[in-house]
Amino acid sequence: MPKGIYECISCGHREVIDSTKPLLPNACPVCGGDMILVGYEIDVEEEEHGVEEALRKFYELGSLLERRGEVYVYEVLGIIEKDFEKVLKEMEKLGYWVALKRSKDKTLLYVFPAKNVESRENPLIGIILFVLTLFSTFFAGYILSSLYVATLNELNLPGIKNVYLNALAFSLGIISILGTHEMGHKIAATLHNVKSTFPYFIPFPSFIGTLGAVIRVKSPIPTRNAAVDLGASGPIAGLLVAIPVTIIGLKLSVIVPVDYLKQGETIYFGTSILFYALTKFVLGNLPQGSGIILHPLAVAGWVGILVTFLNLIPAAQLDGGHIARALMPERAHRILTYALGFITLGLSYFWPGWLLWGILILLMGRIGNPGALDEVTPLTPGRKALAILIWIIFAISAVPVPFSQRL
């Protein structure tokens with residue numbers, strides 16, 4: 001139990017007393033005045049003993065190998081409680097986080113003070129960003145819709161010629177994909193007791209009107225299984241929306257002669273295996289010498305597939321990076337991150353946008369990915385299967401050259 005630090009109201013004398021009452025009348029040994037509680041002195045040895053006693057419910061502990069300030073390092077001789085998330089939850093009640101790591105032939109348990117992650121977010125910020133993103137994506141959709149409707153009119157083709165309706169379809173399509181992606185992360189984080197914010201949309205004046213959406217994770221990822229779940233949940237959730245959006249958008253798209261797509265005046269969208277398969281499914285085999293003018297909603301679906309691919313790059317702290325880090329040691333993942341960063345820079349020869357992504361990956365690589373708190377417990381077969389599924393999705397959604405001005 002902590003002892004109280006008391007100060008005399010009359011003479012200012014201070015001393016530590018074995019009490020935590022707010023006021024001790026006439027207790028000052030100097031002047032006999034009243035003493036008030038101004039702080040606490042914690043018995044470090046008593047606290048250390050209490051933490052160790054709690055840990056022994058979950059682990060067979062060896063000796064305390066090291067103590068650096070408030071960080072304790074124990075050798076683990078045996079694991080009693082296999083559910084690390086349960087251990088973490090119980091230790092959080094005592095104000096501590098724990099981490100299980102391998103060190104050569106030893107299993108080490110790190111115990112350190114938990115950070116305060118309960119600070120409330122201002123919901124007004126998220127609402128304002130969402131509204132701004134609605135406007136910015138609607139404006140981007142309006143431009144795409146204007147070009148689409150101009151094509152219909154010029155070639156006298158049937159289709160939806162309401163510019164505002166098409167713009168709204170684009171805006172809602174892109175926001176639905178991005179929002180579902182981030183909510184997938186949010187749900188997975190909640191299931192694993194990882195504290196995180198709700199999605200923040202990022203408005204930006206570009207051809208899609210946004211830089212995407214993000215959630216901020218405020219507490220560590222507990223296990224490698226949780227890391228796979230958090231990394232995979234967003235891309236899978238977003239893709240489940242992007243596929244029907246793409247299908248509907250392709251049904252509204254129009255087939256035109258290739259000669260109409262004037263070289264140098266048309267932006268060509270790169271095709272992933274998935275987008276190509278969806279195009280075949282919806283439109284069948286195109287006539288010889290023809291191309292497609294995408295409806296704005298199809299553009300939203302295409303962007304959703306591209307976002308899935310970019311997020312699944314297995315580098316740094318991207319979604320794919322969390323999954324890759326769950327499968328490999330920190331040093332190996334850091335090397336992979338730098339290798340992918342330089343490969344991405346090389347791809348900028350084909351598309352300048354890769355230059356920004358390469359720089360971003362290399363900058364994130366400097367921070368690294370610390371991995372999960374528990375790196376000892378193996379991945380479950382289900383998480384291994386999920387990781388394989390993710391790499392398949394990564395492959396079929398890959399677009400090495402997203403945009404070009406020639407076929």
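Let me start with a distance: the centres of domain 2 and domain 3, taken over C-alpha atoms, lie 40 Å apart. The contact takes 15 residues from domain 2 and 16 residues from domain 3, contact meaning heavy atoms within 4.5 Å.

A word on the source. This is a predicted model, where local features need pLDDT of at least 70 and side-chain atom pairs count only at pLDDT 80 or more, while totals for chains, interfaces and linings use all residues. Residues are numbered from 1 along each chain as its sequence is written, and side-chain values use heavy atoms, with hydrogens and water left out.

The division of the chain is domain 1 (3-41), domain 2 (44-113) and domain 3 (123-404). Those bounds come from an automatic or database domain assignment.

Back to the interface. Domain 2 and domain 3 bury about 1100 Å² between them, 59% of it on carbon and sulfur atoms. Buried area here is the accessible area (1.4 Å probe) that two parts lose on being put together, summed over both. Phe84, Glu85 and Lys101 supply 41% of the area that domain 2 buries against domain 3, more than any other three residues.

Across this interface of domain 2 and domain 3 there is 1 salt bridge, by the rule of a Lys or Arg side-chain nitrogen within 4 Å of an Asp or Glu carboxyl oxygen. Lysine 101 and glutamate 375 also meet in a salt bridge through their side chains, at 3.5 Å, N to O.

Next, helix H8, residues 319-327. Helices are DSSP runs (H or I, at least four residues), numbered from the N terminus. Is H8 enclosed or open? 8 of its 9 residues are buried, so H8 is largely enclosed by the rest of the structure. Buried means under 20% relative accessible area, exposed over 50%, partly exposed in between (1.4 Å probe, protein chains only). The cover over the buried residues includes helices H4 (163-191), H5 (224-252), H7 (296-311), H9 (330-347) and H11 (381-396).

Take isoleucine 323, in H8. Its relative accessibility is 0%, so isoleucine 323 counts as buried. Beyond neighbours within four places in sequence, isoleucine 323 contacts Ala227, Val228, Gly231, Ala232, Ala387, Ile390 and Trp391. Lysine 384 is 61 residues away from isoleucine 323 in sequence, and 9.9 Å away in space, C-alpha to C-alpha.

Now a contrast, isoleucine 128. This residue lies in helix H3 (residues 123-155). At 44% relative accessibility, isoleucine 128 counts as partly exposed.

Key:
Helix = DSSP H or I, 4+ residues; strand = E, 2+ residues; numbered from the N terminus.
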